[in-house]
Amino acid sequence: MKPVANGSDLPVLLPIRLPALPASEFGDRLVAFFASRRAFVAIVVLAASSVAAAAAADAPMRPGIFETVLKWAPLIGTGFLFNLAISVASMMVGTLAGVLLGLGQISLLRPVRAISWVATQFFRNSPWLVLLFFAMFLLPFEIRIGGFVVSLPAWFKAIIGLALPVMANVAEIVRGGINSVPVGQWESAESLAFSRMQTLWRIILPQAVKRMIPPWMNLYAILTMATTLISVVGIQDAMTLTRGALVAEARTELYLPFYSLLLLYFFAYCYPIARLTQRLERRYAVKL
Amino acid sequence: MTHELGEPVVVIDRIEKRFGALVVLKDISLTVRRGECVCIIGPSGSGKSTLLRAINALVPVSKGSIKVDGIEVNDPDLDKLALRRKVGIVFQQYNLFPHRTALENVMMAPLHVLKQQKADVEERAKRLLAKVRLSEKQDTYPGELSGGQQQRVAIARSLAMSPTVMLFDEVTAALDPETKKEVLFAIRELAAEGMTCILVTHEMGFAAEVADHIYFTDGGMIVEHGPPGEFFKNARHERTRAFLDQVL
């Protein structure tokens, strides 16, 4: 296809006009802009205006772009809720396994320590998508427990697939949190005849958990965004539904508004988490 | 001090501690009797702290024997719980539990380790805080206490386990002169009541006043020891005299 310079009715092909600024000054402004808190407002405005701009360029016979987006928004919204459900389930499974793995790394038993370390390193340094495929195709579609046949649906396997990297990252957060508590705490607990388990449970973990919460929340936000990966392995999530809607509408001018809508869903959910994480980080940074 | 001394409580017999090729403690023997207050002095890196930590098995020794109230410490089958109920230790850096109040710090070990009744533990903890003159601070978190106050809570916390021997590891080294006094006062009272104490300290004046016996260590060995009057007036050893000239 030949690129159309002007007079195109496709918004995606219209040339972008940059303000006539010297290159360096423009760059500085751009950086300053994205560093500012106004970026949030701007992204919302940008998404909304892209919908409006596309609506303006719309042909008279078809329904307006804004209406079309509104029509599909609830369906894509349910898909998004499914993504959230997957993210919560993966986070729970990953956190549970990760805490065990993290504690395993500080075990007094050398084999436990070694296995935990290897597992953590392996799953932490693997691409999430590959781990997802790994879980999808290596887990059986049904398992036999005694006389019962339990089928493993795709969404279940996806939860496991996403929980694997979460587990490894949680393990590192737990290990790091525990190691951040001064050794003097272990020493004084030991000299007061606390057992190792008691020391961990009553003295070390209560102090360490505070420091684990911000990175844990950060990880959760990353996981939520990564749940769209499951669309690649054929699970109907928000991403799949967006694509389906676009295929059904078969109008190229809808691409930008539809994907903007999807981005908005995620942004509206993840951005508050990121702000809260920052606040907690600042608060816990001062106190021991 | 004027009280009667009882039978030997801590008997250290020719212990040695090595970290790889480095010898930290060499052929150290000393005996502490019930009610006695012993001070260990000496230059930094002479192994004083290691010696103290060896007594409650925080640092395992390589050779020799340490007996605390009949329990052999240098034993692979050592019952650490039994040993640590007998030995309290206070550290230079206080090491209070920052997520618990002063009172809770004192209560934790009797409550969770000795599994004593909560009401009894609380009553005793309050008495101990009163003893170190911190009753009004019982609900304060360690982060809001001064160094001297934290150190006194740490002393009360150790006493809550009703130990036979108290170890003090340079407990005033991190304190300013004012708050130092409060802590030394608490230790002096304890010694006067007949608590068996072993102190590692740089406070020569305090050592001279409170100790029944003084040990001078250098290079991981006991160079010289004796009652304070004799020790400070006529040190026999060249190294002891050089050290005392520097610090006095």
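Trainee: What makes up the secondary structure of chain B?
Mentor: In this predicted model, chain B has 9 helices and 10 strands.

Trainee: How do you know whether the radius of gyration of chain B agrees with a compact globule?
Mentor: The globule rule is 2.2 Å times the number of residues to the power 0.38. For 248 residues that gives a value near 18 Å, and chain B has 18 Å, so the two agree. The C-alpha trace spans about 55 × 45 × 35 Å along its principal axes.

Trainee: What share of the residues in chain B is called buried?
Mentor: The label needs 20 or more other C-beta atoms within 10 Å of a residue's own. Of the 248 residues in chain B, 46% are buried.

Trainee: Why are β6 and β10 of chain B said to stand at the edges?
Mentor: The open sheet has 6 strands in the order β6-β7-β8-β3-β9-β10, with mixed pairing. β6 (87-90) and β10 (221-226) each have a single partner strand, so one side of each lacks a neighbour in the sheet. From one strand to the next, the twist averages 20°.

Trainee: How do you know that β3 and β8 of chain B pair?
Mentor: Pairing requires at least two bridges. β3 (residues 37-41) and β8 (residues 196-200) of chain B share 4 bridges, in the parallel sense. B:Cys37 has B:Cys197 in β8(B) as its bridge partner.

Trainee: Which elements of chain B give two or more residues to the side that touches chain A?
Mentor: 18 residues of chain B are in contact with 16 residues of chain A. The elements are α2 (80-86) and α3 (102-112) of chain B. By class, that side of chain B has 10 nonpolar, 6 polar and 2 charged residues.

Key: Residues are numbered from 1 along each chain as its sequence is written. Chains are lettered from A and ligands numbered from 1 in the order in which they are written. This is a predicted model: local features need pLDDT of at least 70, side-chain atom pairs count only at pLDDT 80 or more; totals for chains, interfaces and linings use all residues. A residue is buried if 20 or more other C-beta atoms lie within 10 Å of its own, exposed if 12 or fewer, and partly exposed in between; C-beta atoms are placed from the backbone. Two residues are in contact if their C-beta atoms, placed from the backbone, lie within 7 Å. Ala, Val, Leu, Ile, Met, Phe, Trp, Tyr, Cys and Pro count as nonpolar, Asp, Glu, Lys and Arg as charged, and the others, Gly among them, as polar. Axes are lines fitted to C-alpha atoms, for helices over the stretch in contact, and angles run from 0 to 180 degrees between N-to-C directions.
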